[in-house]
Amino acid sequence: MSEVLLMASRVVLKERENLFWVRVREGMSAAAACESVGMNRRQGYRWIKAAGGRIPVPAVASSGRYMGQEERLRIADLRLGGAGVRAIARDLGRSASTISRELRRNAHPITRSYRPYAAQKRCVIRVARPKPSKLDDRLLAAAVEERLRKNWSPQQQ
């Protein structure tokens, strides 16, 4: 029961933090934004300090295709509660193979425990753009150009 209350309080706090940043972006002072969301102004200054003194860029709405921080936190909470892969998948509305892959890909190499913040960080690094092109290699690019001029298809070697 306490786990459910803890999750609910995290969600409420995150919603208030998001609303705080919306108000600050609109031009409100930190103290006024805290007052408008029902938080002590010290908490607003903690959020500002945690953001490195800058107003964070609002997150782009997720398409639902990729896992986000909230889902990773939920996976970690359920895993610590003893839930299996299929139970976690049902709770999140995802495939069991997706959850299994997430747990395997982002487990700590020694303890094999799932670490949601490290998982999110790895995901952000993997997604980083621009990525180097395969045709940055001049020899490969020249070979591709030559064969395209000869009207070769990509399957021909």
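This is a predicted model: local features need pLDDT of at least 70, side-chain atom pairs count only at pLDDT 80 or more; totals for chains, interfaces and linings use all residues.
The side chain of Arg 94 reaches across to the backbone oxygen of Arg 65, at 3.4 Å.

**Arg 94 and its surroundings**

Arg 94 sits in the loop that joins helix H5 (85–92) to helix H6 (96–105). Besides the contact with Arg 65, a polar atom of the Arg 94 side chain lies 3.5 Å from the backbone oxygen of Tyr 66. If neighbours within four places in sequence are left aside, Arg 94 is in contact with Gly 64, Arg 65, Tyr 66, Met 67, Glu 71, Ala 89 and Ile 99.

One of those partners, Ala 89, takes us into H5, where Ile 88, Ala 89 and Leu 92 are buried. These residues cover an arc of only 100° around the axis, so they are on the same side of H5. On the other side of the helix, Arg 86 and Arg 90 are exposed. And what lies over the buried residues of H5? The cover includes helix H4 (69–80) and H6. H5 is followed by Gly 93, with a positive phi near 70°.

**H4 against H7**

H4 also packs against helix H7 (residues 116–127), at an angle of about 145° and with the axes 9 Å apart. The crossing of H4 and H7 is right-handed. From H4, the residues Gln 69, Arg 72, Leu 73 and Ala 76 meet Pro 116, Tyr 117, Ala 119, Gln 120 and Cys 123 of H7.

A polar atom of the Gln 120 side chain lies 3.4 Å from the backbone nitrogen of Gln 69. Not counting residues up to four places away in sequence, Gln 120 touches Met 67, Gly 68, Gln 69 and Arg 72. Met 67 is also in the list of contacts of Arg 94.

Now to another part of the chain. In helix H3 (residues 41–50), the buried residues are Gln 43, Gly 44 and Trp 47. Viewed down the axis of H3, they fall within an arc of 105° and therefore line one face of the helix. The face turned away from that buried side carries Arg 41, Arg 42 and Lys 49, which are exposed.

After H3 comes Gly 52, whose phi is positive, near 75°.

How many aromatic pairs does a search of the whole structure find? It finds two, listed here:

| Aromatic pair | Centre to centre | Angle between planes | Arrangement |
|---|---|---|---|
| Phe 20 and Trp 21 | 5.1 Å | 70° | edge-to-face |
| Phe 20 and Trp 47 | 5.2 Å | 55° | tilted |

Phe 20 lies in helix H1 (residues 2–25) and Trp 47 in H3, so their pair ties together parts that are 27 residues apart in sequence. Both Phe 20 and Trp 47 are buried, and Trp 21 is buried as well. Through these ring pairs, Phe 20, Trp 21 and Trp 47 are linked into a cluster.

Most residues other than glycine have a negative phi. Arg 112 is not a glycine, yet has a positive phi of about 60°. Arg 112 is found in the loop between H6 and H7, and with 51% relative accessibility counts as exposed.

The other residue is Asn 151, again not a glycine, with a positive phi of about 65°. Asn 151 lies in the segment after helix H8 (138–149). Its relative accessibility is 69%, so Asn 151 counts as exposed.

Key
Residues are numbered from 1 along each chain as its sequence is written. Side-chain values use heavy atoms; hydrogens and water are left out. Buried means under 20% relative accessible area, exposed over 50%, partly exposed in between (1.4 Å probe, protein chains only). Helices (H or I, at least four residues) and strands (E, at least two) are DSSP runs, numbered from the N terminus. The arc is that of the directions from the helix axis to the C-beta atoms. Rings of Phe, Tyr and Trp (its six-membered ring) pair if their centres lie within 6.5 Å; planes under 30 degrees apart count as stacked, over 60 as edge-to-face and the rest as tilted. A polar contact is a pair of N or O atoms within 3.5 Å; within protein, one must be able to donate a hydrogen and the other to accept it, and residues adjacent in sequence count only if both atoms are side-chain atoms. Contact means heavy atoms within 4.5 Å. Axes are lines fitted to C-alpha atoms, for helices over the stretch in contact, and angles run from 0 to 180 degrees between N-to-C directions. A crossing is left-handed if the near helix is turned anticlockwise from the far one by less than a right angle, and right-handed if clockwise.
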